[in-house]
Amino acid sequence: MSLKCFSRVCSFIFFFISCFFIGYFIFADKTFGHASVDQILFHARTPKTGADKYLFCMAFVYAFLLPVFMFILLWAPSYLCPSKYKLHFHLKKYENQHFFQLVFSVFIFILAGYSMDKSLNISEYLRNIKNPTTLYENYFVTPDKAGISFDKEKKNIVMIYLESMENTYGNGTVFKDNILPNLTNFEKEGQSFKGFRQLNGTQWTIAGIFSSLCGAPIKTPIEGVRSEIYEIFMPGIVCIPELLQKNGYNNYFLLGSDASFAGRQDFFNWHGFPNFWGMKEIKKEKGEISKEMLGSAWGLNDHELFKIAKQKLTEISKNKELFFFAILTVDTHFPNGYLNEKECQVKYNNFLDVVKCSDKEVGNFVNWIKKQSFADNTVIILVGDHITMGNDVFNQIIKNPKREIVNIFIEPTGRRNIQENREFSTMDLAPTILALTGADIETNAFGLGRNLFSKEPTLLEVLGENFITELERFSKYYQTFFPKDVQKYLDKKRKEGIFFLLFP
């Protein structure tokens, strides 16, 4: 291969890869807001079944069609008709035009790499791998050391994870109207803590669920690309549902989307949810899913989801059993959500209509629970799985300097006289939920979480920004959460050095 041909091939490769990364991160920024390396690696290693096909189409447009278009616009003319087109840079007087193509391509490649690093903090991520933390050794409290006992009367839990639901929609900082009238009333009726911080490893759905039930973030090892790493979902950590199971609870999880997406089914199987229903399980029970039951491309609409929840809870309550019943809504999932116009009116002609409709559906369901025979012994928990990602009002939402997930705890005994202004993360929900079952927690700690109903300070309150810094670092202790064969695999890859981190 001649030097001229070699430089042209290299320039094409550099240019196409650069456009691919630029296109992909335009897509990620428009769709997910601020994504993280952990989030990208996690979704690369877990099932995509049931995801909105719109996202795949948009990823294809930005990450493939855009590079192809840019190549056709800037590069193809000089390749196809070299005597007529000289890269559009008026370099006709230079015989070594291929050299300038290569320089330009390398420049674009470096620019793309710099932009990617600024967006994802990749260089910092790699530095954190080399500098292990002792955060878990010093502050992570396992169940056997937490001093947990279930001597008091146990309470049922109905926990609703509200997809992408945050305070911005209802606190008047950005939108003139209160888009969450029902949730606002429930806040007054129950407890709602202020001072939430969304931390890395908790900012997507399964990460929000995991951190709120296990007291730890999802930190995805960069070593290797073993896709089966989450098929056995971190058996080295004990989560709240497992403890409840051992103490007489029956645990259930209902969601309107495919349970296998992003490893959720594996999480259910390994961490105390033997009974769960996603799209496949619901279809199996009902025989078919009618068009009226469907919402967005993710699955069932929330109106139908809550219908099923009512049926399940009615059946469960007849058995006089203790239960932990979790639900994950889906109508407010980015980017477009789903508006059930049979149940809700169009007022804003944007995503706010979807949010207000969701508020109505949740309000109706919570009010239904209050009228049931099991209500006197049931705590209702409403929490956003994470703050909002991308939608058509996102540019307004990010104007709120204090974006927090909705978090509401409604006890049958009423409000408590406690401090609600705290500094906390999703991980602090784990011991808080456990305490609401009636359990005594001597340390008021579970994992990295601290009970918000106690006076025990959270790690954010104790360590401040240093907690966030340490959480970003590699932890040998955290690696023990994975299966032993995966641990050995990760250790082997780590010894091979940084160059081999991305290869199996």
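Modeller: The protein chain has 21 helices and twelve strands, where helices (H or I, at least four residues) and strands (E, at least two) are DSSP runs numbered from the N terminus. This is a predicted model, in which local features need pLDDT of at least 70, side-chain atom pairs count only at pLDDT 80 or more, and totals for chains, interfaces and linings use all residues. Residues are numbered from 1 along each chain as its sequence is written, and side-chain values use heavy atoms, with hydrogens and water left out.

Colleague: What makes α14 roughly parallel to α15?

Modeller: Helix α14 (residues 302–318) and helix α15 (residues 351–370) pack at an angle of about 15°, their axes being 10 Å apart. Angles under 35 degrees count as roughly parallel, over 145 as roughly antiparallel, 65 to 115 as roughly perpendicular and the rest as oblique, so α14 is roughly parallel to α15.

Colleague: Why are α9 and α15 called oblique to each other?

Modeller: Helix α9 (residues 181–189) packs against α15 at an angle of about 45°, with the axes 7 Å apart. That angle belongs to the rest in the scheme above, and α9 and α15 are therefore oblique.

Colleague: Which residues of α9 meet α15?

Modeller: P181, N182, L183, F186 and E189 in α9 do so, and their partners in α15 include K356, D359 and V362; contact means heavy atoms within 4.5 Å.

Colleague: How much of the protein chain counts as buried?

Modeller: Of its 504 residues, 54% count as buried, that is, under 20% relative accessible area, with exposed over 50% and partly exposed in between (1.4 Å probe, protein chains only).

Methods:
Axes are lines fitted to C-alpha atoms, for helices over the stretch in contact, and angles run from 0 to 180 degrees between N-to-C directions.
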